[in-house]
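Please look over the sequence and the 3D view below.

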Amino acid sequence: CIFCGTKNDPVNWNEASTNPKDYSWENVYEDESGTYTADRLVFLKGNYDTKKIEIRQGTRIICKGALRSFPLDEYTDITAIVEELIIPNSVTKIGDYAFTSCNSLSSIVIPNSVTQIGDSAFFDCYNLESVVISDSVTQIGSCAFRCCNSLHSIVIPSSVKQIGNKAFEDCRELHSIVIPDSVTQIGDSAFRCCSSLESIVIPDSVIQIGDLAFGFCSSLKSIVIPSSVTQIGDYAFYHCIELESIVIPNSVTQIGDSAFENCWGLESIVIPSSVTQIGDKAFKDCRKLHSFVIPDSVTQIGDKAFENCRK
């Protein structure tokens, strides 16, 4: 347990207990099966001198904030020196903020025992370049990989059903992303400010694109919106300045406020007869947009919906 040993007095793993109740320094919880877990506690091999952390086989839960900003001294903390992290295949859950700001961590393999990656689990791991997510994961929490600025590609497995809000926000080096056809919802700001992302295919399983989901993806040139989508959220593609054309499928009934605002390169759009409402500023400042047809189904066009469409 990282909180039991010190630099001068490391844990003797031959005698170490596997019961968190023996070591915990914050709240301890006992579930119905008699298993103990604790806040900010994780079983590790090694001591504070090491840059490699290997979580003991048999550990089932990496608890909330396990390695988050635990101070080594008044100037640094454990997150700053972790370069290699080994998660055993006994772990089923990575808790919220578990590895926040592990700034030296460059790669991570999430084993096929993990079903849930908690909120902000790898938030601000800005040197993280590669992540392997196993096909056991069903949920990627909010802000899970937010501000992982060195992350350049990732494959989301077909087991994932939901991509949380801001899950990959500010991953500015992310060039490609594969969204599997198991995903039904792309959360708010899920890929906001992924400024290197050039193209993306949204699978037929997705029914909702969240607010600001792809906002400020300034390199995004092409996107396919499937016929399963019924709602395009507010600011969903705001400031996608390289986007040239878009086909909105005939499943969509509502185009949110500012959904395509500031898409300066957008030249053409197809609005289907399923759409009944075009939100405020939906296509504001689409400066190259020269033609479009508003179908008879539309009953409401929002304020400034096509303002500054100069062509």
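Where is the place of Ile 294? In this predicted model, Ile 294 is found in the loop that runs between β23 (277-278) and β24 (300-301). The points below begin with that residue and then turn to aromatic rings and cysteine sulfurs.

**Surface patch**

- Ile 294 has a relative accessibility of 31%, so Ile 294 is classed as partly exposed.
- Together with Phe 292 and Ile 301, Ile 294 makes a nonpolar surface patch of about 220 Å².

**Aromatic rings**

- Two numbers describe a pair of aromatic rings: the distance of the centres and the angle of the planes.
- The count of aromatic pairs here is 12.
- In one of them, Phe 99 and Phe 122, the ring centres are 5.4 Å apart and the planes meet at 25°; planes under 30 degrees apart count as stacked, so this pair is stacked.
- Phe 99 belongs to the loop between β7 (93-94) and β8 (107-110), while Phe 122 belongs to the loop between β9 (116-117) and β10 (130-133), so their pairing ties together parts 23 residues apart in sequence.
- Phe 99 and Phe 122 are both buried.
- Another stacked pair is that of Phe 283 and Phe 306, with 5.3 Å from centre to centre and 5° between the planes.
- Because Phe 283 is in the loop between β23 and β24 and Phe 306 is in the segment after β24, this pair ties together parts that are 23 residues apart in sequence.
- Phe 283 and Phe 306 are buried as well.
- Ring pairs also link residues into a cluster, among them Phe 99, Phe 122, Phe 283 and Phe 306.
- Phe 292, named above for the surface patch, is also a member of this cluster.

**A charge over a ring**

- Arg 287 places its charged end over the ring of Trp 264, at 4.7 Å from the ring centre.

**Cysteines**

- A disulfide is a covalent bond that joins the sulfur atoms of two cysteines.
- How many disulfides does a search of the whole structure find? The search finds zero.
- For Cys 263, the closest cysteine sulfur is in Cys 240 at 5.1 Å, which is too far for a bond; the cut-off for a disulfide is 2.5 Å.
- Cys 263 has 0% relative accessibility and therefore counts as buried.
- Cys 309 is likewise in no disulfide, with the sulfur of Cys 286 as its nearest cysteine sulfur, 5.2 Å away.

Definitions and conventions. Residues are numbered from 1 along each chain as its sequence is written. This is a predicted model: local features need pLDDT of at least 70, side-chain atom pairs count only at pLDDT 80 or more; totals for chains, interfaces and linings use all residues. Side-chain values use heavy atoms; hydrogens and water are left out. Patches are made of residues with over 30% relative accessible area and no salt bridge: like charges are joined within 9 Å, nonpolar side chains (Val, Leu, Ile, Met, Phe, Trp, Tyr) within 5 Å. Accessible areas come from the Shrake-Rupley method with a 1.4 Å probe; for residues, only the protein chains shown count as cover. A salt bridge is a side-chain nitrogen of Lys or Arg within 4 Å of a carboxyl oxygen of Asp or Glu. Helices (H or I, at least four residues) and strands (E, at least two) are DSSP runs, numbered from the N terminus. Buried means under 20% relative accessible area, exposed over 50%, partly exposed in between (1.4 Å probe, protein chains only). Rings of Phe, Tyr and Trp (its six-membered ring) pair if their centres lie within 6.5 Å; planes under 30 degrees apart count as stacked, over 60 as edge-to-face and the rest as tilted. A charge sits over a ring if NZ of Lys or CZ of Arg is within 6 Å of the ring centre and within 35 degrees of the ring normal.
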